[in-house]
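The briefing that follows is meant to be read beside the sequence and the coordinates. It groups the computed features by topic.

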Amino acid sequence: MTAGVREEPRESVRPRTPRRLPLPTLLALLVGFAGVGYRLALLFADVPPTNSDEATMGLAALHVARGDGFPVWFYGQAYMGTLEAYLAAPLVALAGPSVLVLRLPTLALYALFLLLSWRLTRRLGGDRWYALLVVAVLALGSDRVVKNQLIAGGGYPELNPAGAALALLTVGLCVTGAGARLPRWAAWGLVSGVLLWVDPLILPYVLTLGVLLVAWRWRELAGRAGVVLAGTLLLGAAPMLADSIRHGRNPVAAVLAAGGTGAPADWADRLHGALVLGPPLAMGFCSPGRCATWQLWWAVAFPVLLVLAALTAWHALRPGGPGSAERVSAGVRLALLGGAAGVLGAYAVSNAAGQTPIESSRYLSCLAVAVPALFWPLWQAARRLTGLRKFAEVAVSEESGYRHLPEVESIKATGGRAAGRRARVAGAGALAVLAGVLGTGAAATVDVVRTAPAVHAEADRHRSLVDTLGALDVRNVRGGYWTCNRLTYATGENVLCAVVDDDLSPGFDRLPAYRREVAADPDAAWVAPAGSPLAARLDERVGAESGALDVATVAGWRIYLPRR
């Protein structure tokens, strides 16, 4: 007997089509890489220009890398945590002190912010095309924006990614099952605690998102979740709390005192600095160091859009509105807009808004966290006009399994032709504003590129100063505030500098030990930028008489040496 085996028909195997990224996602990826690449190119061109405050953070990183100290606060003050120093310390240990290694972690933080903003936009119900728009807006980089994002001067580069992370965690906590929420509660508390230590400028977002969580999950917060949240918040803020207890310092009082010193600014100046100059500078619509009149249009558009976006979110949030998933999205959008309003309000009441509005606009850097919520009404109106609604997708959350349409609305003529005309006018206006946002931001970005050669040349002159001091075997110098720590960090503390004012009196030393070292050196030199008031005062001491100074010139600098 022979046993035959019947050949089974083979199942038709369909060739697997490689998964391709949807077009808007691919474009968002390319735009994101372009934004990061643009900033990396700026770093290699020494843009934005460094200063002694950034060098102070660099000195903290140098001390951490050497194990010489583990500072909690920015040297010379009892507020602004030194997280950036700890992030840069491994690179400083490997490659030595330089501005580039100090800024590579801040560049990584910016890339993280782009990624989190894209993800946040999608979780809030935005389709991929809207997420592309958000990434494009955040990829632009004017003078003030790249300074906030790249200069490791304390606090600003880490605020935006942390704020976006808190918003994402809030969405997750409001929509996921209870069993999966404890890790998110822990992360929310830890990020909030670290932010309180690093820089309280983000506090309005922490408060508004926290209020939303209390409203949504108050029963859960009364149990284990509340214990976990409180414990991780204390852990994140531990450096601040431990130092405050140890030294009896009050960081809250120090922060309030930093809002502007001297005589109180006039309210008209404060409101002009906060409401007219602040939003265009913070959102990246102004040229390096100034705002042209035509670039101030955003000062009018911003508050209008803030109110419109808040009303839209409130309408979706109120009882009887959309389903729970949509209400969560609306609630988080409303919290982000409330946080942005809080940041702007806190800045408006500070003296800094009236006294130094151009430079102090950095206090508004975290307005960018609210971009996914801010442009939502514009996108909705523009999508109705252009027909991009066909690209709207079903948003699916792996964590909760909910799905919803991101508020796709038809353009049928509800209410007749008048309603259709209103929709077309609103859509055209929205497109005009969005085009203005991208166009104004692009123009300001181009202005930064134009200034890059001059900034790079100044950095080269400073490197020549460092080389000349080394050739002259100078180890201790006196100079202005904006000279000293920059010089000390660039030399890896081979040259120590004590700060003097323009009248040669002692100035503000963030590290008093440097002054003691310089005072003990009879051969300590003086360094001043050519043409500065300090240089003019020192030129009076140049001469042939006993005790006079000799002068050595470097491009852009003058070095005054005691006659031996």
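## Cysteines and overall architecture

Cysteine 174 has a relative accessibility of 5% and therefore counts as buried, and cysteine 366 is likewise buried, with a relative accessible area of 0%. The model is a predicted one, and its protein chain is made up of 23 helices and seven strands. Of the 564 residues in the chain, 52% count as buried, while the accessible surface comes to about 25900 Å², with 63% of that area belonging to carbon and sulfur atoms. When contacts between residues at least 6 apart in sequence are considered, 72% of them join residues at least 24 apart.

**Disulfides**

- The structure holds two disulfides, and if the bonded cysteines of the protein chain are numbered in sequence order, the pairing reads 1-2, 3-4.
- Because cysteine 484 lies in helix H21 (residues 481-490) and cysteine 497 in strand S4 (residues 496-499), the pair ties together parts that are 13 residues apart in sequence.
- Cysteine 484 is buried, with a relative accessible area of 1%, and cysteine 497 is also buried, with a relative accessible area of 1%.

**Salt bridges**

- The structure holds 17 salt bridges, among them one between glutamate 493 and arginine 66, in which the closest N and O atoms are 2.8 Å apart.
- Glutamate 493 is found in the loop between H21 and S4, whereas arginine 66 belongs to helix H2 (residues 52-66), so that this pair ties together parts that are 427 residues apart in sequence.
- Arginine 66 is partly exposed, its relative accessible area being 42%.
- Aspartate 473 and arginine 475 meet through their side chains in a salt bridge with an N to O distance of 3.3 Å; aspartate 473 is exposed, with a relative accessible area of 51%, and arginine 475 counts as partly exposed at 42% relative accessibility.
- Glutamate 540 forms a salt bridge with arginine 537, and the closest N and O atoms of that pair are 3.8 Å apart.
- Within that pair, glutamate 540 is exposed, with a relative accessible area of 60%, while arginine 537 counts as partly exposed at 35% relative accessibility.
- A network of salt bridges links Asp46, Asp460 and Arg463.

**Aromatic pairs**

- A pair of aromatic rings is described by the distance of the centres and the angle of the planes.
- The count of aromatic pairs comes to eleven.
- In the pair of tyrosine 130 and tryptophan 376, the ring centres are 5.4 Å apart and the planes stand at 70°, so the pair is edge-to-face.
- This pair links distant parts of the chain, since tyrosine 130 lies in helix H5 (residues 128-139) and tryptophan 376 in helix H19 (residues 376-386), 246 residues apart.
- Both tyrosine 130 and tryptophan 376 are buried.
- Ring pairs also link Phe285, Trp297, Trp298, Phe302 and Phe375 into a cluster.

**Nonpolar surface patch**

- A nonpolar patch on the surface is formed by Leu21, Leu23, Leu26, Leu27, Leu29, Leu30 and Phe33, which together have about 650 Å² of accessible area.
- Of these residues, leucine 26 lies in helix H1 (residues 23-44) and is partly exposed, with a relative accessible area of 36%.

- Glutamate 517 has its place in helix H22 (residues 512-519) and counts as partly exposed at 46% relative accessibility.
- Although glutamate 517 and alanine 498 are 19 residues apart in sequence, their C-alpha atoms are 8.5 Å apart in space.
- If neighbours within four places in sequence are left aside, glutamate 517 is in contact with Asn476 and Leu496.

Methods. Residues numbered from 1 in each chain as written. Predicted model: local features only at pLDDT ≥ 70, side-chain atom pairs only at ≥ 80, totals over all residues. Heavy atoms only, no water. Helix = DSSP H or I, 4+ residues; strand = E, 2+ residues; numbered from the N terminus. Buried < 20%, exposed > 50% of the residue type's maximum accessible area, 1.4 Å probe, protein only. Contact = heavy atoms within 4.5 Å. Areas by Shrake-Rupley, 256 points an atom, 1.4 Å probe, with all protein chains shown as cover. Disulfide = S-S within 2.5 Å. Patch = residues over 30% accessible without salt bridge, like charges linked within 9 Å, V, L, I, M, F, W, Y side chains within 5 Å. Salt bridge = Lys/Arg side-chain N within 4 Å of Asp/Glu carboxyl O. Phe/Tyr/Trp six-rings, centres within 6.5 Å; stacked < 30°, edge-to-face > 60°.
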